[in-house]
Amino acid sequence: MVEVYFYIPANKAGYAVECGLKLSEWYSRETVIDGSSRKCIAALLNPRDEYDKYTSGAYRCLKLEIDPKYCFAADRSLYEAGLSYPQVMELYKASIIPIGNYTFGEYRFPEVLVTSTILGENISVSGKMLDTPVLYENSQELYFNNLMEYLRDEQGDLNDTLLYLYFKWLCDNGKAETIGGFDGAYAVFRANGGQRVYTFRTPDPGGHDEI
């Protein structure tokens, strides 16, 4: 069974545990999966991924135990962007894969599309002290950590490049100043009003073809 999390208004949590969640009532997606249009309940792998609901007394977090054949992973960040850009919605649809094929940290905001009604016996109310430990703070943190590790393996000077570009952005917005060094191996910056200086290697324009 796959354990996923789903937020529900607090006053409906007891009924859900007793009577279950009907797909026809609680679905929030209708998308093509395996060539056919399906209604889906959009659940979470980590309850902290919807932090506003996690910290709100107006919602209760339900833990759902689902047969994997009814679970598909998708990238909710693509869905949200796709509401404004149809071409991105196609990327969202392409991101939908069987839950067993999903690697943790692959999507910025993973959701689990549940394609069946959930019986009450497979539902319990989770508190903030989860009975099943979640090994990472939230999915976005895991995504960025994995991505940065991958990019550092590809480009050993990634830290210098990112911080150089960030301080260039600060300079362009009047929040920092350059002190010099752009013609050599290093660039030197100072944030406005600060005494500390920051030194980063100047990026090699020809050294980042793979990024």
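This is a predicted model: local features need pLDDT of at least 70, side-chain atom pairs count only at pLDDT 80 or more; totals for chains, interfaces and linings use all residues.
Residues are numbered from 1 along each chain as its sequence is written, and side-chain values use heavy atoms, with hydrogens and water left out.

Back to the cysteines. A search of the whole structure gives zero disulfides, a disulfide being a pair of cysteine sulfur atoms within 2.5 Å. Cys61 is in no disulfide either, and its nearest cysteine sulfur, in Cys71, is 15 Å away. Cys61 is buried at 7% relative accessible area, whereas Cys19 is partly exposed at 42%. Buried means under 20% relative accessible area, exposed over 50%, and partly exposed in between, with a 1.4 Å probe and protein chains only.

Next, Leu163. Leu163 sits in helix H7, residues 158-172; helices (H or I, at least four residues) and strands (E, at least two) are DSSP runs, numbered from the N terminus. Its relative accessible area is 38%, so Leu163 counts as partly exposed.

Last, Glu50. Where is Glu50 found? In the loop between strand E3 (36-44) and helix H3 (51-54). Glu50 is buried, at 14% relative accessibility. Beyond its neighbours within four places in sequence, Glu50 is in contact (heavy atoms within 4.5 Å) with Tyr7, Leu44, Arg76 and Phe109.
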